[in-house]
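Please read it alongside the sequence and the structure.

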Amino acid sequence: MRVGIVCYPTFGGSGVLATELGKALANKGHEVHFISYNQPARLDFFSENVFYHEVNIAKYPLFEYAPYETALAGKMVDIVQSAHLDVLHVHYAIPHASAALLAKQILAQKGIHIPVVTTLHGTDITLVGREVTYEHVVSWSINQSDAVTAVSNKLKEETLQHFQIERDIDVIPNFIDFNRFNKKPREHFKQMIAPNGEKIIIHTSNFRKVKRVEDVVAIFSKIIREIPAKLLLIGDGPERSHIEKVCREHNTCDWVTFLGKQEAIEEILSIGDLFVLPSESESFGLAALEAMACEVPVISSNAGGIPEVNIHGVTGFLSDVGDVDSMAQHAITLLKDAEMLKSFRKNALVQAHNFDLKSILLQYEDIYQRVVAAQ
Ligand code: GMT
C-alpha cells in the first residue's frame with residue numbers, strides 16, 4: 001500500500017509515534033511518504049520505501065501568519081497525485097486533519113478519492129482542541145475523516161465527552177519496537193553516571209508545563225534524603241531554564257544532569273532504576289512505555305491514559321497529579337526493596353509486550369484496508 005503520513009516533525013509523542021509507524025510500515029514493504037515542514041526527528045534511516053516531502057510556505061509581506069494549513073493541503077494534493085497514494089494518515093487533529101479533508105475535497109473534484117485516517121494523540125483533544133477557536137474545526141474534522149483512532153480508551157472517552165462526535169472511534173494504543181527498545185548491557189555508562197552505586201532516576205519530556213518537571217525535581221529531592229541517587233533529565237523545552245534554576249535552589253545540581261535532546265534514549269533508559277512521569281495530562285505516556293520496555297518501573301501520576309500503561313503496584317505506582325509526597329514515598333519503597341524492584345522490572349517488560357509494534361501495526365493496516373475498500 002502507498003501511505004502518506006502527516007505529522008509534526010518534533011520530538012513530541014505524536015511525531016515520534018507517526019515516524020516509528022511509517023518506518024515499520026516501510027520495513028513491511030509498504031511505500032511511505034512523510035509530509036511535514038521539517039524532517040521528522042526519528043526519520044534517521046534510509047529505506048527505498050521511505051520518502052520525505054517538505055512543506056514550504058511561500059512568504060509574502062501581507063502574511064502576518066504564514067498559511068501553513070493551506071500549504072500543507074496543497075502539498076497533500078500534489079503528493080497523492082504524483083505518488084498515487086492509497087491513504088492519508090494524519091497525526092494530530094490540528095491542523096493536519098482539516099488540511100487533509102480540504103485536500104480530499106480538491107482531489108475528489110479531480111476524480112481521485114483518497115481516504116483520510118486521523119489519529120488523535122492527546123493535546124489536540126485535551127488542551128488545544130478545546131479552545132473555542134478550534135473546537136468546531138476539530139469536531140468537524142473528526143466527523144468527516146474516513147476513520148479516526150485514539151491512542152487510549154481515556155482519550156476516546158474525553159473526545160466523545162468534549163466534542164460533538166457522530167461516529168465511531170477506534171482505540172489503537174501507542175506501540176513499542178522491541179528491536180530498538182530493550183535493556184542493553186551498559187555497565188560502563190552506569191559506572192560513569194553513578195560511580196558509587198547510586199540509583200538512577202530518569203525523566204524524559206519536552207519540558208512543557210503539562211509535564212510538571214518541577215515535580216520530578218521535588219520528588220528527587222525527597223528521594224536523595226534517604227537513598228543515594230542521580231537524576232537524568234532528557235529533553236528540552238520551554239520550562240528547562242526554570243527547572244535548572246529550581247535545581248540550584250534545591251541544591252541538587254551535583255546530582256542532576258540535564259542531557260538535552262537525545263536520539264538514543266534506549267541507551268540511557270538501559271541504566272535506569274526508575275522512570276518518573278508526574279504529568280498533569282497524558283493521553284497515553286509513550287515515554288513511560290519506552291522506559292518499561294527497557295525494564296524500568298514507572299512512578300507516575302494517574303492522569304489520562306497513564307493507568308492503561310503503568311499498572312499500580314505491578315509495573316510501578318500511580319498517584320494523584322501533584323502529590324509529590326506520595327510519588328517520592330513510592331519511589332523510596334521500591335528503591336529500598338531489591339526484590340520488589342527486580343519483580344517490578346520484570347512486570348514492566350511483560351506489560352510493555354502488550355504494546356508490541358508487531359501486533360499494533362496489524363491494527364493500523366486493517367484500518368487502511370477498511371477505508372480503502374470503502375472508497
Ligand atoms: O506529550 C507531549 O507533549 C507531546 C504530545 C504530542 O501531541 O505530540 O504527546 C501526546 O501524544 C503521545 C503519542 O500518542 C502520547 O503518548 C502522549 O501522552 C500525548 N501527550 C499528552 O497527552 C500531553
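1. How are helix 1 and helix 14 oriented to each other: roughly parallel or roughly perpendicular? In this predicted model, helix 1 (residues 13-27) and helix 14 (residues 357-373) pack at an angle of about 85°, and their axes are 11 Å apart. Angles of 65 to 115 degrees count as roughly perpendicular, and the two helices are therefore roughly perpendicular to each other.

2. The contact between these helices involves L17, L21, A24 and L25 on the helix 1 side, and L357, L361, Y364, E365 and Y368 on the helix 14 side. By class, the contact residues comprise 8 nonpolar, no polar and 1 charged.

3. Helix 1 also contains S14. Buried means under 20% relative accessible area, so S14, at 11% relative accessibility, counts as buried. With neighbours within four places in sequence set aside, S14 contacts Y8, H91, Y92 and H121. Of these, Y92 is 78 residues away from S14 along the chain, yet their C-alpha atoms are separated by 6.8 Å.

4. The domain assignment divides the chain into domain 1 (2-175 + 356-373) and domain 2 (187-355). The C-alpha centres of the two domains are 30 Å apart. Across the boundary, 25 residues of domain 1 are in contact with 20 residues of domain 2.

5. The largest nonpolar core has 71 residues, of which I202, L269, F275, L289, Y364 and Y368 touch the most other members. Because domain 1 and domain 2 both give residues to this core, it lies between them. Y364 and Y368 also take part in the contact of helix 14 with helix 1. For L289, residues up to four places away in sequence not being counted, the contacts are N174, F175, I176, F284, V309, A352 and F355.

6. Another core, of 30 residues, lies apart from the largest one. Its members include V217, I219, A229 and V276. Of these, V217 and I219 are among the buried residues of helix 8.

7. Helix 8 (residues 213-223) has 9 of its 11 residues buried and is therefore largely enclosed by the rest of the structure. The buried residues are V213, D215, V216, V217, A218, I219, F220, S221 and I223.

Technical notes:
Residues are numbered from 1 along each chain as its sequence is written. This is a predicted model: local features need pLDDT of at least 70, side-chain atom pairs count only at pLDDT 80 or more; totals for chains, interfaces and linings use all residues. Side-chain values use heavy atoms; hydrogens and water are left out. Axes are lines fitted to C-alpha atoms, for helices over the stretch in contact, and angles run from 0 to 180 degrees between N-to-C directions. Helices (H or I, at least four residues) and strands (E, at least two) are DSSP runs, numbered from the N terminus. Angles under 35 degrees count as roughly parallel, over 145 as roughly antiparallel, 65 to 115 as roughly perpendicular and the rest as oblique. Contact means heavy atoms within 4.5 Å. Ala, Val, Leu, Ile, Met, Phe, Trp, Tyr, Cys and Pro count as nonpolar, Asp, Glu, Lys and Arg as charged, and the others, Gly among them, as polar. Buried means under 20% relative accessible area, exposed over 50%, partly exposed in between (1.4 Å probe, protein chains only). A nonpolar core is a set of buried Ala, Val, Leu, Ile, Met, Phe, Trp, Tyr and Cys residues joined through side-chain atoms within 4.5 Å. Domain bounds come from an automatic or database domain assignment.
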